[in-house]
Amino acid sequence: MPFEPYLNVEEIESAMETAAINNPGLCQLITLPNLTYEGRTTHAVRISGGTLADRTGVLLLGGVHAREWGSSDILIAFMENIIEAYNNGTGLSYQGKTYSSAEVQQIVENVDIFIFPDANPDGKAFSQGGTDWRKNRRPLNGEIGVDVNRNYDFLWDANVYFDPSLYFGYLYTPSSGTYHGPSPFSEAESQNIKWLIDTYPNIAFFVDIHSYGQKIMYVWGNDENQSTYSEHNFSNSAFNGQRGVPGDVYSEFIFDTDAQKIVNAANRMNNALFSVRGKSYSTGQIFHQVGVSAGASASYVFSRHFSNSSQRKVFAFGIEWGQAFQPPPVEMTNIIDDIDAALTEMCLCASEPNIFIRDSLGDTGKEPSTGSISASPDIIVRKLPVASPEVDLGDITVDPGSDKVEIGNDNYLYVRVHNQGGMPSDAAVRLYYAPLTTSCSPALWHFIDEVDITNIPAEGYKVSGAVTWPHVPDPGTSHHFCLIAVCGSTVDSFPDTTMIDSASDFIQFMRNSNNIAYRNVTFEDVLPDGWAEIPFVVTGFPGKRERYNLVLDGSKLPEDSRVELKTERRILKTKDTKLENIKTPAPREKTKEIFLKIGKGNLGTIRNLRIAPRTTPQLVIRIHLPKNAKPAKEYPFLIVQQLGRKTLGQITVLLRCVTGKKKPHHVKRRTVSLSKKKT
Amino acid sequence: MNGISNSIKNKTVKSKDNNGRWWVRIHLASIQEIPQLQKKYKIEIFPPSFRRIDKKNVLVDAYISKGVLDDMKSKYTVRILGDVEKLAKQASTYVSKVNRYKKK
């Protein structure tokens, strides 16, 4: 179709209104809340077909810079083409690149496509009048306009965050085309974009479309990417003044698995674009492609889940189309095909399987996860094989619990793998065990076996067949285990555990990868007026010697319960270690071991526990249930290891009060000797 | 500093906006020269237009005030791509003058 003249501002709005009116139920018009300086209301559309409720969102943004007119034309053409193809049951054809009708259906019925084609209409209207213009049109300090794509809250105040050898004077100069404004999100246009991402938390992919330069880019934009040092991050003020210089010590942290995903998606977009007419864009990290950037969209959007772990991880990209801001219409026609093919590929990526194992019952696969990370209901142990796992373990609304592992016998493991994507998927699951530990460092894992699960339905789940855990080895002092499951598929690879070099790496890793889960729940049968004794290890992670907190929470035990913690005396010897509601008995002799009694309410904390890196000191929790403990009831006891305020992991001990004829069993002190292990 | 002579570093070339701007392509010996360009000239560089010729040399497009062209040409290889204001006027003729969606 020959390209007609560039859409004007009024036409862009009319195109969206028309699409929404003509396609009720498929295309919804979204009114952005903030009026522009010249009083314009802007709109976006959401294209969402089929009946699927929980779907991945893709936000396609254009028209941020006034003079880059073609971005809006690209997005309006994309909107019209995909709606038409879906309605007619046909495929899409962009010159040499085609998408089948099945692929179009897969996209529309599995993805929420948000299109915001003209974020800065004031600027565009002014620019289309015949004046070169980039910013919005708000008067400030005697000048006009703010660069909307320097107004995001990501290292906005560049002079504070970046190396002083870099020059950012243009950001602070109101007459400059890249003036960043008086404060982050000072502009209606950037506020509207933020509003979209805040309001639609299913958005997981973001593409900001600009011109020019023939580039497909991905985060980060402030420094080189690296996956080794998690403390090298934009929010760490210790590195203020050091960012933005290639080849130096500081570089920006991104998880290896995330880096793989964005590189893969960018390459797929470029391959699709190449198929249109043989153009190949340069793909790479924003920092390498365009140099350092501050206050820009993609880095802000991706940074949100680091700044606030309750926000979804959004993979962020930028496209710079063409070789001029306003190419002649004939060339723009081809560029529209190029970029629309790339965007279709992006949406296809978003519609593909996303397999995960839940960390807790409430886990929906969102990255980063925010709930418990150590109570996976999807890792199940049975002493005997289950006749029909899909039936017996198929109710995912409940935790079917685990049998206590029988030492020396064969035990049977089952895993429930979920698929958040829009297509069925195969997956492989690797199972490991570790000693009962407050934070399950990969250094402690022992491989059990791998199992394949085929054809996990879209938006569904599947229970694996039995994995035999043969002749379960006696772990020595404890008959309790932590069980770990890791899954991967052809499009959703196994997480790379080799990058965990510190406690904070571990937290980030567990929260940011939905392909890994562990169950640190153990059961202990205990008689009324009887003692339970549970040995466990606390992990000293590699890297610097951290101060950990250990919370011992027996607040849900019966009122007269007694709790003791057996530990090595030297662990508590550091002068800044503090005991809260924990009593230390006066030492009668200089023993290596010490028994601490948890005080009233059975809730105590050891603060600033110093554990040497790569050691796993063993501790023992001893719990006495009173005579009046209710038979058949389960009483939980939690042992939580924290790094600062962040939970590294926890053990949940479920004390099952049992009845029996034999006398209450009193465990002798020091039946379990404590030892230090190198991991 | 990275190929910029002291004589360039210490001078600021005043722009003459009233003469308009050139759209130019500049050949730099290193990407590190860009901050110096930004400090010295009234220039709007388009970072996405960076193209590496080899490990060190890059091309970058920019708008510059017409008044600084001679000074810049004496230090760098600069090619004029067009007159910004004329191009903007010409481009405005590519814009639809009606609302095509209202006709439907």
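What is the order of the strands in the open sheet of four strands in chain A? The legends below answer this and describe further close-up views of a predicted model. In this model, local features need pLDDT of at least 70 and side-chain atom pairs count only at pLDDT 80 or more, while totals for chains, interfaces and linings use all residues. Residues are numbered from 1 along each chain as its sequence is written, and chains are lettered from A and ligands numbered from 1 in the order in which they are written.

**Figure 1. The open sheet of chain A.** The four strands follow the order β19-β18-β22-β23, with antiparallel pairing. Strands (E, at least two residues) and helices (H or I, at least four) are DSSP runs, numbered from the N terminus, and two strands pair if DSSP finds at least two bridges between them. The edge strands, each pairing on one side only, are β19 (446–456) and β23 (516–519). Neighbouring strands of the sheet are turned by 20° against each other on average, direction ignored; axes are lines fitted to C-alpha atoms, for helices over the stretch in contact, and angles run from 0 to 180 degrees between N-to-C directions. Eight bridges join β18 (residues 425–435) to β19(A) in the antiparallel sense. Within β19(A), A:V451 stands opposite A:V429.

Figure 2. Seven of the seven residues of β14 (residues 315–321) are buried, so the strand is largely enclosed by the rest of the structure. A residue is buried if 20 or more other C-beta atoms lie within 10 Å of its own, exposed if 12 or fewer, and partly exposed in between, with C-beta atoms placed from the backbone. A:F315, A:F317, A:I319 and A:W321 point one way from β14(A), whereas A:A316, A:G318 and A:E320 point the other way. Strand β9 (residues 203–211) of chain A pairs with β14(A) in the parallel sense over seven bridges, and A:F205 stands opposite A:F315. Strand β10 (residues 215–218) of chain A pairs with β14(A) in the antiparallel sense over four bridges; here A:F317 is the bridge partner of A:Y218.

**Figure 3. Nonpolar cores in chain A.** A nonpolar core is a set of buried Ala, Val, Leu, Ile, Met, Phe, Trp, Tyr and Cys residues joined through C-beta atoms within 7 Å. The largest core has 136 residues, of which A:L60 and A:M346 touch the most other members. Helix α10 (residues 329–351) of chain A supplies the largest share of this core, twelve residues. A second, separate core of 78 residues includes A:F541, A:L552, A:Y635 and A:V653. Leaving aside neighbours within four places in sequence, the contacts of A:L60 are A:L75, A:I113, A:F114, A:I115, A:V207, A:I209 and A:L343; two residues are in contact if their C-beta atoms, placed from the backbone, lie within 7 Å. In soluble globular proteins, nonpolar side chains tend to be buried together.

**Figure 4. Backbone geometry in loops of chain A.** Most residues other than glycine have a negative phi, and most peptide bonds are trans. A:F185, although not a glycine, has a positive phi of about 55°, and lies in the loop between α5 (158–161) and α6 (188–199). With 18 C-beta neighbours inside 10 Å, A:F185 counts as partly exposed. A:Q214 also has a positive phi of about 55° although it is not a glycine; A:Q214 is placed in the loop between β9 and β10 and is buried, with 20 other C-beta atoms within 10 Å. The peptide bond from A:V219 to A:W220 is cis, with omega near 0°, and A:W220 is found in the loop between β10 and β11 (225–226). A cis peptide bond, with omega near 0°, also runs from A:E367 to A:P368, and A:P368 is found in the loop between β15 (355–356) and β16 (379–382).

**Figure 5. The contact region between chain A and chain B.** Contacts link 29 residues of chain A with 23 residues of chain B. On the side of chain A that touches chain B, helix α1 (residues 9–22) gives the most, with five residues. The residues of this side divide into ten nonpolar, 13 polar and six charged; Ala, Val, Leu, Ile, Met, Phe, Trp, Tyr, Cys and Pro count as nonpolar, Asp, Glu, Lys and Arg as charged, and the others, Gly among them, as polar.
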